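I opened this notebook page to look up sulfur bonds and ring contacts. The entries follow in the order in which I checked them.

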Amino acid sequence: MSRFFQTVAVAAAASFACGGAIAAPELDAGSRQPLNLYAIAIFVLFVISTLGITYQAARRTQSTRDFYTAGGGISGLQNGLAIAGDYMSAATLLGLSSLVFARGFDGFVYTIGFFVGWPLILFLMAERLRNLGRYTFADIVSYRLDERRVRILAAVGSLTVVCFYLIVQMVGAGELIQLLFGIDYAYAIVIVGVLMVAYVVFGGMIATTWVQIVKAVMMLAGGTLLLVLALSPFGFSFEELARRAVAVHKDGANIMAPGSLLSDPITALSLSIGLVCGTAALPHILMRFFTVPNAREARKSVFYASGFIGYFFLVVCVLGLAAIVTVGTDPAYFEGGIIGGRLRGGGNMPVMHLAKSAGGDLLFGFLAAVAFATILAVVSGLALAGASAIAHDLYAKVMRRGTATEAEEFRVSRIATVAIGVVAILLGLVFRGQNVAFMVALAFGVAASVNFPVLILSIYWRGLTTAGAISGLITAVGLVILSPAVWQKVLGYPKAIFPYDHPALFSMSIAFLVTWLVSRLDRSAAARSERAAFEAQSVRAETGLGAAGAARH
């Protein structure tokens, strides 16, 4: 096994050292940065250190519980950092800062949508998730319902979200590495896929957790350092920074007011609901609550994660404004005007140009390496969530009906991880060059429409039945498929049947309504049994004990 890690480390280092030279003639010189040795060195150091962590984790990963949940031994602070590392993707640093750079206040409002879901998780879900779940969110929704049917639909919903997210991350990885490191797109995709599989197959949740923690610390440290350097020319006065940004931006004072992103209230509301409720139902985020020893640590996890994420989002928004002043006034970085032009040598990633202007090649290289490390951390979490849905939900609980041994499930988990890695590489290659940014909102929309209603009702509503849950799930999936995001952009039909790009406002509301109505009309014996089982579930959700154990306690 040690030979494997040495081979991967050498391959990664060699790829980054010589890949630029191999791929350079194929790339337009105006579309990528010169080879940055700092970025290569920092990223190779990250890869080698995380592979070392994976090697140590592999020695401790001996069971399915270790593989899925790190044995439940992660502390609240560690898990909070890991959640932040999982949630703060490269799109956070690069995409949201670019949105603030281009749209000002609109970008800030959009950023808030990604954050508001965390108080919802803290106050409504964290404790109950930890007490009810074992490995996956399907464990919770099938606790008192028909396990086989509900698990199938829950697993399909989880895998759908995982696939959409993987497409965005893999395409982003290829484009980012091609731009910042000079590595050919195909090489970049394969490197990400191989490292992702290595982290998860050998180290499971233990390795994935520490990869996410290391990445979160790097991102928080890099963002804070850049924030200090960016604010220092303005006397650390946000007011002065905002005044200078308004003076430079082509839209002037309009960047400090709501604009085009909020011009359609229905779309804005639907997108916001998708972001808020989708956050509370992302399978790779929910899975992290099973890694802590008790409900108290689960609450602490959300508390710490909310603080880290909220702080970093504020940092990103300030960096977007600082980039307006720094990048917008430097003709060496810009072509064609303040907004709508193209940043020379860096696409549309003004925060990277801000880093180069404020900290030179070293800070630029550090943030470039952090951005790539971010993708590795996120895809590792996604791969683990997908593998658990396949091995635990579909194989062990549906196909084998609970008769699979732990060794069999453990083996299938690793096979599923390799399969997901192959699929991720293929998806990255298939979607090369396509605009997949809409899939981020689509992943949140699917999670909000499909996962969130059945999850929250299974926890809090006594009247939920299997028939109601399945009806709501099918209805939500149908509306999402009929929306332009899937019907036109994914399936390629000329016109969508359902008119809204962000369907969560309607699909989630209708899913709740259909689930409630069908459950109320269900008078079967199974439905009566499921309602009666709610009391025992509530005791466990509140105490972490079964009914008998709670009585003894």
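Is Phe313 buried or exposed? I find Phe313 buried, with a relative accessible area of 4%, where buried means under 20%, exposed over 50% and partly exposed in between, with a 1.4 Å probe and protein chains only.

I note that this is a predicted model, in which local features need pLDDT of at least 70 and side-chain atom pairs count only at pLDDT 80 or more, while totals for chains, interfaces and linings use all residues. Residues are numbered from 1 along each chain as its sequence is written, and side-chain values use heavy atoms, with hydrogens and water left out.

Next I looked up ring pairs, taking rings of Phe, Tyr and Trp (its six-membered ring) with centres within 6.5 Å, and calling planes under 30 degrees apart stacked, over 60 edge-to-face and the rest tilted. The count comes to 15 aromatic pairs. One of them joins Tyr87 and Phe313, a tilted pair at 6.5 Å centre to centre with 35 degrees between the planes. Tyr87 lies in helix H4 (residues 76–87) and Phe313 in helix H14 (residues 295–328), so the pair ties together parts 226 residues apart in sequence; helices are DSSP runs of H or I, at least four residues, numbered from the N terminus.

Tyr87 is itself buried, at 4%. The rings of Tyr87 and Phe444 have centres 6.4 Å apart and planes at 75 degrees, so I record that pair as edge-to-face. Phe444, in helix H17 (residues 438–460), is 357 residues from Tyr87, and Phe444 is buried at 0%.

Finally, I looked for disulfides (cysteine sulfur atoms within 2.5 Å) and counted zero.

Terms used:
Helices (H or I, at least four residues) and strands (E, at least two) are DSSP runs, numbered from the N terminus.
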